[in-house]
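Please look through the sequence and the model below before reading on. The paragraphs that follow go from whole chain to single residue and back.

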Amino acid sequence: MRVHIVKREDCPLLKKILLIVGAVALALVLGGLVLLAMGVNPLEYYFKMFTMGMVGNKIAYKAAENYLKILVPLILTALGLSLAFKMRFWNIGGEGQFIVGAIAAAAVAFQAGPVLPTPVVLLLMCLAAMVAAGLLGLFVAALKVKFGTNETLLTLMLNYIALYFLTFLGETKADWNFFLSAESARPTFASFTSMVSFPRILLGKFGLNICVIITVLIGVLVYVYLKRTKQGYEIAVVGDSMGTARYAGMKVSAIVLRTVFLSACLIGLAAAFKVGTAGILSASITDDVGWTGIIVAWLAKLSTVGIFLVSALIGVLQYGSTAAAATFASVDSSFADMLQGVILFLVLAADFFTRFRVVIAKKEVERHG
Amino acid sequence: MKKRILALVMAGVMALSLAACGGNSDPKSSNSGTADSDFKVGAIYINKKTDTAGYTYAHHKGITTAMDELGLDPDSQLVIVDEVPEEDDKVAAAVDTLVGEGCDIIFGISFNYLNAMNAKAEEYPEVIFSHATGYLSNETNFNNYFGRIYQARYLTGVAAGLKSLETGNNNVGYVSAFDTEYAETCSGINGFALGVQSVNPDATVYVKELGAWSDEQNEYAFAEELINSYDCGIIAQHCDSAQPQIAAEKAGVFGCGYNSDMTVDAPKAHLTAAVWNWDVYYKTAIETAMTCGGAENFVTAMGGPAYYEGLVKGLVGVSELSDNCAPDTQAYLDAIVDLLATGEWDVFSGVKLSYTKNEDGTVTITQTDSALKTNDGKEIVPAGGKSVEDSVITGTMNYFVEGVKVG
């Protein structure tokens with residue numbers, strides 16, 4: 001008996017959905033066993049998790065706001081990554097591009113915040129973050145186009161350079177370092193919330209951050225860009241086959257440079273939104289969106305609409321598990337992390353089965369074959 | 001089709017948020033007539049709530065012990081967001097979660113939570129906020145708390161000094177997370193050194209700085225270096241794990257731990273540890289919160305915005321002396337605690353202690369006026385002067401006293 005893995009020609013949507021739902025259910029059952037072992041009622045826990053602790057919560061609007069705060073940078077980063085991934089340019093540098101963007105946005109906030117009107121400052125923050133992150137992406141793309149370097153390795157390594165630079169800024173007290181709080185004897189990042197922050201539209205008590213609206217708009221733009229424009233078509237062709245693209249007379253280098261710049265720009269914008277909402281830098285400003293964004297983009301099969309959906313679900317997982325863990329004495333944040341890991345792992349495994357079939361070949365078949 | 005799904009989800013999100021707003025239009029006032037069984041305690045931890053040793057564990061044990069004593073059930077009345085890094089937006093989100101769960105008092109245990117807690121105390125005036133190791137507060141619902149751990153350090157210093165007399169080795173090592181940049185570590189080192197020198201004036205305390213609150217590998221390695229390169233016979237510490245004590249045990253020398261009784265970790269080396277009894281504060285704070293009749297009265301009911309107690313109230317102390325201690329150590333410590341309880345002396349004053357052992361086993365203390373000086377000769381307190389605050393709350397003790405050397 002031999003086991004073959006055969007590519008599926010086409011997996012019906014219903015089957016796909018069933019596989020993924022099944023994977024999540026299996027993960028929940030596994031997590032439930034662990035919960036039972038810890039003396040926690042899994043149903044109560046999961047109810048809390050999937051409702052993100054909003055039921056019976058007297059300030060549920062805050063939970064919704066905090067949930068959206070997690071969501072916006074994740075969606076934008078995943079959208080950015082999807083542009084590059086469509087072209088088969090493996091941008092693993094979301095973390096680094098995010099950090100560089102965040103530093104640029106914070107620099108503008110500190111320097112321009114006290115002198116310019118808030119809307120201008122916010123606009124400049126976004127622009128600075130996009131350009132800074134974009135240039136970092138462009139740098140890697142240029143090396144790839146010119147010298148054929150491996151973008152996976154370069155973007156990955158640049159992540160650490162960016163991260164250590166941010167840590168350096170956070171730990172070095174000096175006259176030039178305006179990122180740090182002047183009042184604190186210890187080096188801590190200064191807050192600029194009192195100077196600039198993104199405006200919110202109040203719907204009752206719920207404050208809808210303007211970043212959320214812009215993110216939805218950008219989602220529409222990216223969708224149109226990829227599906228309806230010449231440049232979007234070029235990305236698809238380059239992704240399918242560089243040779244074909246060249247044969248068709250496309251300037252492949254220019255397309256790669258442009259797309260990677262755009263990809264990193266969106267990640268920079270995610271950073272600007274994050275920094276402009278938090279009002280402060282921090283060593284873990286990215287919340288790992290550079291990594292989670294890769295998972296989101298992948299699970300969404302690089303579909304723009306899919307990215308919104310998957311982000312929303314992963315956001316529920318992230319925010320919900322914190323809310324749920326808080327109320328159960330024996331459940332700490334490690335369980336929340338573990339459960340997220342199990343769910344993602346099984347969903348990725350299910351994803352594998354939507355694309356491949358396992359076939360057990362019988363002996364006769366083997367002989368004939 | 002896909003667009004329709006998206007639209008549905010969006011609609012769903014909007015509906016949820018609107019429903020949330022609707023639900024909030026009639027907020028229950030949590031403080032009017034709160035029964036004990038409704039009272040909820042919230043906490044924000046820097047590490048895991050399931051830890052079994054270290055800083056977070058000490059606080060968690062303090063809160064649960066206090067709740068047990070007050071007849072509250074930690075399983076249902078304590079809500080904890082753990083592993084919250086020292087970042088404003090994460091702390092703010094944690095506070096939102098706790099307030100949403102209906103907490104009446106929220107404790108934050110790490111220094112850099114202070115700005116977020118300060119802002120949230122203003123946003124939620126009906127909830128009490130209480131922050132450890134910080135210096136911010138307001139006049140109504142936000143206080144800070146810490147303890148005079150330097151007094152406990154002084155006692156462990158005396159135990160170490162007596163041991164150094166017994167072994168004849170005047171070199172004492174101290175593995176510290178930070179040195180003068182944090183008043184908390186700095187005052188600990190100074191308190192310990194003054195204790196050592198009160199019994200052994202020839203002793204020197206060598207400090208090695210880790211640059212991190214927790215770094216198990218270097219905690220061990222630095223202790224080893226103090227033993228091998230500085231010939232230290234006793235290793236004290238201000239860091240999270242028991243690694244320095246384990247290193248001392250392996251090298252056959254002695255040590256003083258911190259935070260928990262580390263005799264368990266190094267039974268042949270450990271003398272005694274400076275420990276926190278956080279339940280002393282938590283009991284006072286929770287009891288006050290339940291009885292003060294509204295969050296706005298909390299700070300007044302606590303007697304001020306900064307709670308700062310020490311050995312006398314039992315907020316700090318030393319763990320049970322191990323058999324490794326020099327004979328009569330307990331008698332020395334008892335005499336010092338008695339003196340502290342009178343309130344006429346404290347560690348960072350211009351009065352130095354010396355001791356005479358009586359025939360009946362007790363110890364008599366002699367007080368001598370002598371200026372408190374830094375290790376580069378600057379006078380901090382003139383001879384006979386009153387004790388300076390260790391300034392942990394405001395963070396200005398940034399010098400080492402005589403007898404301390406940076407290794």
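Helices (H or I, at least four residues) and strands (E, at least two) are DSSP runs, numbered from the N terminus. This is a predicted model, in which local features need pLDDT of at least 70 and side-chain atom pairs count only at pLDDT 80 or more, while totals for chains, interfaces and linings use all residues. Residues are numbered from 1 along each chain as its sequence is written, and chains are lettered from A and ligands numbered from 1 in the order in which they are written.

Take one residue as a start. B:Glu320 sits in the loop that lies between β13 (316-318) and α12 (329-342) of chain B. Is B:Glu320 buried or exposed? A residue is buried if 20 or more other C-beta atoms lie within 10 Å of its own, exposed if 12 or fewer, and partly exposed in between, with C-beta atoms placed from the backbone. B:Glu320 has 12 other C-beta atoms within 10 Å and is therefore exposed.

A strand of chain B gives a contrasting case. In strand β6 (residues 171-176) of chain B, 5 of the 6 residues are buried. Two strands pair if DSSP finds at least two bridges between them. β6(B) pairs in the parallel sense with strand β7 (residues 204-209) of chain B over 6 bridges, and B:Gly173 has B:Tyr206 as its bridge partner in β7(B). β6(B) also pairs in the parallel sense with strand β8 (residues 234-238) of chain B, over 5 bridges; here B:Val172 has B:Ile234 as its bridge partner.

Now consider the domains, whose bounds come from an automatic or database domain assignment. Chain B is divided into domain 1 (35-147 + 278-309) and domain 2 (149-275 + 315-389). The centres of domain 1 and domain 2 of chain B, taken over C-alpha atoms, are 31 Å apart. Two residues are in contact if their C-beta atoms, placed from the backbone, lie within 7 Å. In chain B, 9 residues of domain 1 are in contact with 7 residues of domain 2. On the side of domain 1 of chain B that touches domain 2 of chain B, α2 (55-69) and α10 (279-291) of chain B each supply at least two residues.

Chain A can be viewed as a whole. Its secondary structure comes to 14 helices and 4 strands. Of the 369 residues of chain A, 45% count as buried. Along its principal axes, the C-alpha trace of chain A spans about 80 × 65 × 40 Å.
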